[in-house]
Amino acid sequence: MNYTKIKEQFYLDPEITFLNFGSFGACPKPIFKEYQRLQLLMEREPVHFITRLGMELWAQSRKALSEYINCNYDDVIYVTNPSYAVNIVAKSFPLKQGDEILATNIEYGACDKTWEYYCEKSGAKYVRQAIQFPLVSKEQFIADFFEGCNERTKLIFISHITSSTGLRLPVEEVCFEARKRGILCFVDGAHAPGQIPIDMLTLNPDFYTGACHKWMMTPKGSSFLYVNKAHQMQCEPLIVSWGYKALFPSASVFQDWHTVQGSRDYTAFLTIPQSIQFMKDNDWISVAARCRALVQSNAVRFLRLLNARPLCPISDDYLVQLYSTQIQTHEPEKFYMHLFNHYKIEVPVMRQDDKVFIRYSVQGFNDQNDLDRLYEALELEIKRGEYLKL
Ligand SMILES: Cc1ncc(COP(=O)(O)O)c(C=O)c1O
């Protein structure tokens, strides 16, 4: 399918050059219609839907997701978002005074805060190991990252694809090395499902969270947490409800704990089979490959324009459907709003400690014209010099 046909499948405002699929995704019409159909069904008979029919659809949806990410059906639970998943694990993790959690210094800020909060409470330390740029090889990354590891390290927390730098990190090698050292590994795959294939059995992490509402394109508020069987009884529910010591337990206590959370609209979770079908019907593997090619073919041009150093080699090993370039600006929030208000370009300008990155996303509906519009806007902004310096 060509990109204009794909574009027609989305509700996106045609006035906006939308280069920020990464933040919250966007839902294609067939998936959104399924969402609304389920919500209408719920309103026709709320009790029947919430307590019976919806639960059956939940089981079907979880089956489809577990097949999609290749894990055991009972090892994955639905959560609203990756923050929720990180909080489940962090709250229950048996941290003691002096323990350490090893992360990179390019993790998502909200997740850093969660770990810092629970580390402060327990007297543990959250170590943000500095990543050297440009990345040169997976081996070098592993060597540099594990410099931060010692006998006090109890858990590794690392993004599969990072937010501010948009880089795909070698989590396969990280999980492998962590296992060798007897350290648990939690992969933050918020951006991964739908961008890259996930094979949980091969990756074999201890914990893995992914957002379905980003690159899998489901409605907002649908994500998952995979937990290796060995740790499921450690992951207590954030909301303790009827599923705790359930009157009619299912085959999995882990599922019971995390499924029932009081009254809520959980229909977003139920659209996951529709999203998987949508990607199949529209040959999303080819669509994603075209997007990656567009990301990569534009990368050098943006680096030159912004006089920036590359963060990594231009390769599928590190780049998928996001591309970040460091920029010099004192006012990233104002610059972001200026790009939106003046040029109608939705593109994030993000802080990571003392650095600022501009990150474009490429989804099936984007084409070269979108990236040209961004390029031209940045060219003008460099000339104007109010926000952007070289
Ligand atoms: C790498 C990464 N992890 C975690 C999250 C948290 O997602 P949420 O705010 O939806 O919980 C995000 C959000 O964009 C992210 O980019």
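Q: Which residues does Thr104 touch, once residues up to four places away in sequence are not counted?
A: A contact means heavy atoms within 4.5 Å. With residues up to four places away in sequence set aside, Thr104 touches Arg128, Gln129, Ile131, Phe141, Phe145, Phe157, Ile158 and Leu169. Keep in mind that this is a predicted model: local features need pLDDT of at least 70, side-chain atom pairs count only at pLDDT 80 or more, and totals for chains, interfaces and linings use all residues. Residues are numbered from 1 along each chain as its sequence is written, and side-chain values use heavy atoms, leaving out hydrogens and water.

Q: Where does Thr104 sit, and is Thr104 buried or exposed?
A: Helices (H or I, at least four residues) and strands (E, at least two) are DSSP runs, numbered from the N terminus. Thr104 belongs to strand β3, residues 100-104. Buried means under 20% relative accessible area, exposed over 50%, and partly exposed in between (1.4 Å probe, protein chains only). Thr104 has a relative accessible area of 0%, so it is buried.

Q: What polar contact does the side chain of Thr104 make with another side chain?
A: A polar contact is a pair of N or O atoms within 3.5 Å; within protein, one must be able to donate a hydrogen and the other to accept it, and residues adjacent in sequence count only if both atoms are side-chain atoms. Here the partner is the side chain of Glu107, at 2.6 Å. A polar side-chain atom of Thr104 also lies 3.0 Å from the backbone nitrogen of Ile106.

Q: How do I read Thr17 in the same way?
A: Start with its place, strand β1 (residues 17-18). Thr17 counts as buried because its relative accessibility is 4%. Its side chain has a polar contact with that of Arg373, at 3.1 Å.

Q: Which residues of helix α7 are buried?
A: In α7 (residues 138-145), they are Phe141, Ile142 and Phe145. They cover an arc of only 95° around the axis, so they lie on the same side of α7; the arc is that of the directions from the helix axis to the C-beta atoms. The general idea is that an α-helix has 3.6 residues a turn, so residues three or four places apart point the same way. The cover over the buried residues of α7 includes β3, β4 (125-129), β5 (153-159) and α8 (171-181).

Q: Which residues does a cis peptide bond join, and what is the phi of Asn204?
A: In general, most residues other than glycine have a negative phi, and most peptide bonds are trans. In this model, Phe133 and Pro134 are joined by a cis peptide bond, with omega about 0°. Pro134 is in the loop between β4 and α7. Asn204, which is not a glycine, has a positive phi near 55°; its loop runs between α9 (200-203) and β7 (207-211). Asp283 has a positive phi too, of about 50°, and is found in the loop between α12 (272-281) and α13 (284-305).

Q: Which side chains have polar atoms facing an oxygen atom of the ligand?
A: A polar side-chain atom of Ser83 is 2.5 Å from a ligand oxygen, and one of Asn81 is 3.4 Å from a ligand oxygen. For Asp188, a side-chain N or O atom lies 2.5 Å from a nitrogen atom of the ligand.
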